Amino acid sequence: MYKKQLKLQKLLCLLAIFSSVLTFLYALGIMTDLYDTLYSTMRNPNDLTQTDVPGSIVYYNMQSFNSIFLSYSIVLILLACLLFITNTHVRRRYYIGNYIPIGLFAAANCYVAIWGHMYIEAFKERFLRVDFEALKAHAEMWKTAYTESTFWFDIHYLVFGISLLVSICLVACAVWKVKLMKEEAALLAQGKGAAA
């Protein structure tokens with residue numbers, strides 16, 4: 001059983017890195033469509049009331065959120081790396097130094113997913129209030145990009161879903177490890193030794 005558990009914990013630690021990098025890439029990409037379509041509508045970035053398209057201020061409103069989101073995604077990558085630094089991916093027996101990174105990573109992922117979901121849904125609602133007829137006219141006049149797509153808002157369900165699934169699996173794997181360690185201790189106490 002230990003061999004299966006060891007393989008699973010290594011896979012989960014790799015998936016933790018993957019999900020953190022995916023969140024980072026999402027944080028980099030979430031503003032792509034907004035920049036391409038809305039940035040040029042602001043005639044005077046120093047006075048955000050001067051716009052060709054009512055509602056396009058959502059691009060500027062998202063700037064501070066996106067900056068924080070990017071910072072959070074970097075923290076997630078560092079916490080995922082901590083799993084490797086503490087040898088959580090190869091250690092046969094876990095110690096407190098293994099449980100803490102697992103708990104921190106899972107808690108941080110849950111926080112970022114909930115926090116991000118609330119803000120992204122709020123900004124999506126604001127984006128949908130943009131005057132798309134004015135935006136289309138602006139795009140045709142100035143030959144800029146035009147989209148009504150909410151893809152970058154909607155994809156957060158997949159990104160955060162993967163992060164939460166990896167976190168749940170990491171915690172479940174740690175619980176399984178505790179169970180195996182207790183069974184091994186009981187067998188050793190009986191003098192029978194643990195099955196490989």
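## Gly29 in helix 1

Let's start with a glycine: Gly29 is part of helix 1. The model is a predicted one. Is Gly29 buried or exposed? Its relative accessible area is 8%, and since buried means under 20%, Gly29 counts as buried.

Although 123 residues separate Gly29 from Trp152 in sequence, their C-alpha atoms are 7.5 Å apart.

## How helix 1 packs on helix 3

Now for the helix that holds Gly29. The axes of helix 1 and helix 3 lie 9 Å apart, and the two helices pack at an angle of about 165°. Because angles over 145 degrees count as roughly antiparallel, helix 1 is roughly antiparallel to helix 3. Their crossing is left-handed.

Which residues meet here? On the helix 1 side they include Cys13, Ile17, Phe24 and Leu28, while the helix 3 side contributes, among others, Asn66, Phe69, Ile77 and Phe84. By type, the residues of this contact comprise 18 nonpolar, 4 polar and no charged.

## The nonpolar core

The largest nonpolar core contains 45 residues. Leu34, Leu38, Met62, Phe65, Phe69 and Val130 have the most contacts inside it. At least two core residues come from each of helix 1 (2-29), helix 2 (32-38), helix 3 (58-85), helix 4 (96-127), helix 5 (132-142) and helix 7 (156-190). Helix 3 supplies the largest share, 10 residues.

Methods
Residues are numbered from 1 along each chain as its sequence is written. This is a predicted model: local features need pLDDT of at least 70, side-chain atom pairs count only at pLDDT 80 or more; totals for chains, interfaces and linings use all residues. Side-chain values use heavy atoms; hydrogens and water are left out. A nonpolar core is a set of buried Ala, Val, Leu, Ile, Met, Phe, Trp, Tyr and Cys residues joined through side-chain atoms within 4.5 Å. Buried means under 20% relative accessible area, exposed over 50%, partly exposed in between (1.4 Å probe, protein chains only). Helices (H or I, at least four residues) and strands (E, at least two) are DSSP runs, numbered from the N terminus. Axes are lines fitted to C-alpha atoms, for helices over the stretch in contact, and angles run from 0 to 180 degrees between N-to-C directions. Angles under 35 degrees count as roughly parallel, over 145 as roughly antiparallel, 65 to 115 as roughly perpendicular and the rest as oblique. A crossing is left-handed if the near helix is turned anticlockwise from the far one by less than a right angle, and right-handed if clockwise. Contact means heavy atoms within 4.5 Å. Ala, Val, Leu, Ile, Met, Phe, Trp, Tyr, Cys and Pro count as nonpolar, Asp, Glu, Lys and Arg as charged, and the others, Gly among them, as polar.
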